[in-house]
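I wanted to keep a record of what I looked up in this structure, entry by entry.

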Amino acid sequence: MNSTVLNSAYTAPILDWYDANARELPWRAPDATPWGILVSEIMLQQTPVARVLPVWDAWMTRWPEPAALAAEPSGEAVRAWGRLGYPRRALRLHESARAITERHGGEVPSSHEDLLALPGIGAYTAAAVASFAFKQRHAVLDTNVRRVLARLLSGDEYPPKSQTKAEVALAESLLPVDPPTAARWAVAAMELGALVCTARTPRCADCPVFDRCAWQRNGRPAYAGPPRRGQTYAGTDRQCRGRILAVLRAAEGPVPKPAIDVVWSDATQRERALDTLVADGLVAPLDDDHYTLPT
DNA sequence: TAGTCGTGGTT
DNA sequence: TAACCAAGACT
């Protein structure tokens, strides 16, 4: 028996499960554009679907194609980003819109290589857009898929802390040969991880591959590796930056420095945060002790 | 490669 | 209730 047949023992039930259980998300609709899919992928980085939905809708209404966003100042992207978090993503998405407009005739490129060259797009997002928007055959290895493969095939509760070559090789070995089917498999495996094979309380009773899950066969051993998290948020530069940026997003125009100072009491940390926001291009200093989103 | 980068819901 | 976690990228 060849490996394709062996793999289908895992892929086929998950593809069937996906057909019956997939969420209807706007970026999965038949009329979703590559641009809409790209925007969704950037917004979904480290961010739950529920929080992305309203922002994505507003974004696509305002900027239905890359050229529309490219014509605006980057600060408008930062403002429209709202409270999605990691606002440098908004900046990079704006840069990508300009690159797409200038280098690709306003059309989102379809090759993994060209996608990877865009700012804010790494290996995962390039593979995701190539797969979801253009139905190509790529290993789409996100946190969901890594967890599914760790449990199903490696017998571990969680994947390694950082992605390994072995994981990539495993994901590639599972890919259906037919590109459109590979694309459907990619989204199906992600959806299984998002809805059933979840991080903390997996719904194993609803799992289409429960009976061939290596983690189940192992007796569901608890994760034995080092702690997977660190870093509390309260009091960090990140929180301080978030407070400052929230002031600028809410303001119509330039904000006087004292209006920024009131959101954080530690002056040293506040100045450092403001400096890094300016260095990142998220905030523009004016010459009269005012600050604004970049224009 | 390990640290940094937001935000808010869930357990 | 504090910790965990959510379709990562970049340096």
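I looked up Trp27 and found that it counts as buried, because its relative accessibility is 7%, where buried means under 20% relative accessible area with a 1.4 Å probe and protein chains only. This is a predicted model, in which local features need pLDDT of at least 70 and side-chain atom pairs pLDDT 80 or more, whereas totals for chains, interfaces and linings use all residues. I also noted that residues are numbered from 1 along each chain as its sequence is written, that chains are lettered from A and ligands numbered from 1 in the order in which they are written, and that side-chain values use heavy atoms, without hydrogens and water.

Next I searched the whole structure for aromatic pairs and noted four, a pair being rings of Phe, Tyr or Trp (its six-membered ring) with centres within 6.5 Å, stacked if the planes are under 30 degrees apart, edge-to-face if over 60 and tilted otherwise. One of them joins Trp27 and Trp56 edge-to-face, at 5.6 Å centre to centre and 70° between the planes. Trp56 is also buried, at 8% relative accessible area.

I then noted that Trp59 and Trp81 pair edge-to-face as well, with 5.8 Å between centres and 80° between planes. Trp59 is buried at 1%, and Trp81 is buried at 0%. Together with Trp63, Trp59 and Trp81 form one aromatic cluster.

Finally I turned to DNA strand B, where a polar side-chain atom of Arg51 lies 2.6 Å from a base oxygen. For Leu84, I noted a backbone N or O atom 2.9 Å from a base nitrogen of DNA strand B.

Note on methods. A polar contact is a pair of N or O atoms within 3.5 Å; within protein, one must be able to donate a hydrogen and the other to accept it, and residues adjacent in sequence count only if both atoms are side-chain atoms. Buried means under 20% relative accessible area, exposed over 50%, partly exposed in between (1.4 Å probe, protein chains only).
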